[in-house]
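Please keep the sequence and the structure in view while reading.

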Amino acid sequence: MSGISRGRNFHVAPDGAYETRARGLEVLETPFLNKGSAFTLLERRDLGLTGLLPSAVTDIGLQAGRSYIQFQRQPDDLAKYIFLSGLHDRNEALYYRVLCDHLGEMLPIIYTPTVGEAIQRYSQEFQRPRGVYLCIDESDSIDEAFRNLGAGSDDIDLIVVTDAEQILGIGDWGVGGIAISVGKLAVYTAAAGIDPTRVIPVMLDVGTDRPALLDYPAYMGAHHARVRGERYDAFIDACVRSVTSRFPNALLHWEDFGASNARRILDRYRSQLCTFNDDMQGTGAVVLAGIIAASRASGQRLADHRVVIFGAGTAGIGIADLICEAMMREGLSRAEAASRFWCLGHRGLLSEDMPGPMRDFQVPYARPRGEVRPWSRDGAGDEWGIHLLEVVRRVQPTLLIGCSASPGAFTEEIIREMAAHTERPVIFALSNPTSLSEAVPSSLIDWTEGRALVATGGPFPPVIREGITYAIGQANNALIFPGLGLGAIVARASAVSDGMLAAAATAVAELVDARQPGASITPAVDDLRAVSLHVGVAVARAALDEGLARTDLEDLVSQVRSAMWEPAYRPVRAV
């Protein structure tokens, strides 16, 4: 967009060029301005770069090819992550060009699973800060921190915020969680063309409960236990007030909050601003997309599924909520839809007679006391929970979803029991990284004699059985959230509605035909730009239809496509 003021040393002119007062090394040290050897001779003269670069003038394509070779030479995935982070810090456009050229290969490096290792080693491998760090011990400085970015009220489209309490499958890693916000935004840009000059990664540092971090002298975050309760809530509220005051058009994305906070934070602010929790809503939408595709392949209505969810935390119940809404659109009442779900937490099946309290968001899915009274418990006495195998035997589910971080939880006995009662069992083993997956796809295919429709949270290779190659669908949130964000930004949506999420899921499902033998029930992540364009158009249309769009939308496809930032060098002019 023209007229953007971003930072202190450049702005975007009406013709798209960068204009800057920076000269010499300052230009080369500004990632958005730096083009390395691609600066023209005229730019070198005007920007004070004469003699600061080798004489050859190259282009971004040649640079990207060289960078990819350097990437391939790295000895392991963490080294590749560090290499890409260094490139990101030096040259923004080149980083995204390399990423876009090899997105399928690099997605597991910049995001899950490798980002998990990078987060764990954040303080050891620290190179330079990126984003905004808000510490609960300095709550009065929130406005000042955002002001120091030098961004105006219409300069920011997207903010990804984490408090890093529940990172992927690795838990609380304190201030290192900033890497998840940075990684998420990198996927937004590479997959959907969200302009990287118009985003902010944010780390809410409220402490950590991990002793290894608190005992490490070089830990980069607040050296105290996690703050909870009223002080935590006041800190979140102050952050939201500052964001909405300074950047009223921005989409606020919550990421990797713990179960005690994620749902209630979203519920508190969802009606007040354009906001979204990817762990709950993005996961729910990508699973819904896979279920829609699988249901077409199996010939079932969505409303006819019997759904068992193993892992009744924020992600699992978020999935249940979104599927439940979709069942209601097929004609079921809310009670009828909820009755199609059996959800298990760490104490077993959610039921009215289970020991101990349930979280408020779990209560709607608790099974009636009378239904489960005769079911066997995992142990002796009523204080023991109802386990997964017993639930599968009793329910005979058509759809089994795992988000438990319990590797191997979907045993051969459980899967064979499920497959004995449904022709096309639909199985999602979603836990990440792949080492935490509830089952490996090859086993699921074998135990169901090739009848299962399978998707996983992480990448798995195809499975070959009896001459058929089974492509394993990856229920990766990257199929949803980049396009969802793109559509919401283009529409200037005032909220992210259930209808917009459903539109995103339906759009993803439209891109696959799971009726073919061995076909995946989700699109491949290699072509995320095309997926995100399709999703973005659907989401913007839903926002318009629901009266949530705050801008004119006349040619949706053209407007969404033209909003997608491309990783190319802009002219840089001295002013």
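Strand β13, residues 453-456, is covered on both of its faces. L453 and A455 on one side, and V454 and T456 on the other, are all buried, where buried means under 20% relative accessible area, exposed means over 50%, and partly exposed lies in between, with a 1.4 Å probe and protein chains only. In a regular strand the side chains alternate between the two faces of the sheet. Helices and strands are DSSP runs numbered from the N terminus, a helix being H or I over at least four residues and a strand being E over at least two.

The model is a predicted one, in which local features need pLDDT of at least 70 and side-chain atom pairs count only at pLDDT 80 or more, whereas totals for chains, interfaces and linings use all residues. Residues are numbered from 1 along each chain as its sequence is written, and side-chain values use heavy atoms, with hydrogens and water left out.

The partners of β13 can be considered next. Strand β12 (residues 426-429) pairs with β13 in the parallel sense over 4 bridges; two strands count as paired if DSSP finds at least two bridges between them. Within this pairing, V426 has L453 of β13 as its bridge partner. From β12 the chain passes through helix α20 (residues 441-447) to reach β13, forming a right-handed β-α-β crossover. Right-handed here means that, with the strands pointing away from the viewer, the path from the first strand over the helix to the second runs clockwise. Strand β16 (residues 473-474) also pairs with β13 in the parallel sense, over 2 bridges, and the bridge partner of T456 in β16 is Q474.

Attention now turns to empty space. Rolling a probe the size of a water molecule over the atoms shows where empty space is left. On a 1 Å grid over the protein atoms alone, a cavity is a set of points where a 1.4 Å probe fits but cannot get out, while a pocket is an open set with protein on both sides within 12 Å along at least five of seven lines; lining residues have an atom within 4 Å of a point. Grid points are joined across faces, edges and corners, and a volume is the space filled by probe spheres set on the points.

How much space lies in the largest pocket? The volume is about 1200 Å³. The lining of this pocket comprises 47 residues, of which Q166, L168, T314, A315 and C403 are the closest to the centre. Helix α14 (278-298), helix α15 (314-329) and strand β9 (341-345) each contribute at least two lining residues, and α14 gives the most, with 4. By class, the lining of the largest pocket holds 18 nonpolar, 21 polar and 8 charged residues. In this division Ala, Val, Leu, Ile, Met, Phe, Trp, Tyr, Cys and Pro are nonpolar, Asp, Glu, Lys and Arg are charged, and the others, Gly among them, are polar.

Across the whole structure, 4 cavities of 30 Å³ or more are found. Two or more lining residues come from each of α4 (77-90), α7 (114-120), α8 (122-125) and α10 (178-192); the largest share, 7 residues, belongs to α4. The lining of the largest cavity divides into 15 nonpolar, 4 polar and 5 charged residues. The second largest cavity holds about 80 Å³, and Y18, F32, A93, A568 and R570 lie nearest its centre among 13 lining residues.

Helix α4 also contains D89. This residue counts as buried because its relative accessible area is 15%. D89 touches P31, Q127, R128 and R130, leaving aside residues up to four places away in sequence; contact means heavy atoms within 4.5 Å.

Most residues other than glycine have a negative phi, and most peptide bonds are trans. A cis peptide bond, with omega about 10°, joins T112 and P113, and P113 lies in the loop between α6 (103-110) and α7. E449, in the loop between α20 and β13, has a positive phi near 55° and is partly exposed, with a relative accessible area of 40%. E466 has a positive phi near 50°, is placed in the loop between β14 (463-465) and β15 (468-470), and counts as exposed because its relative accessible area is 69%.
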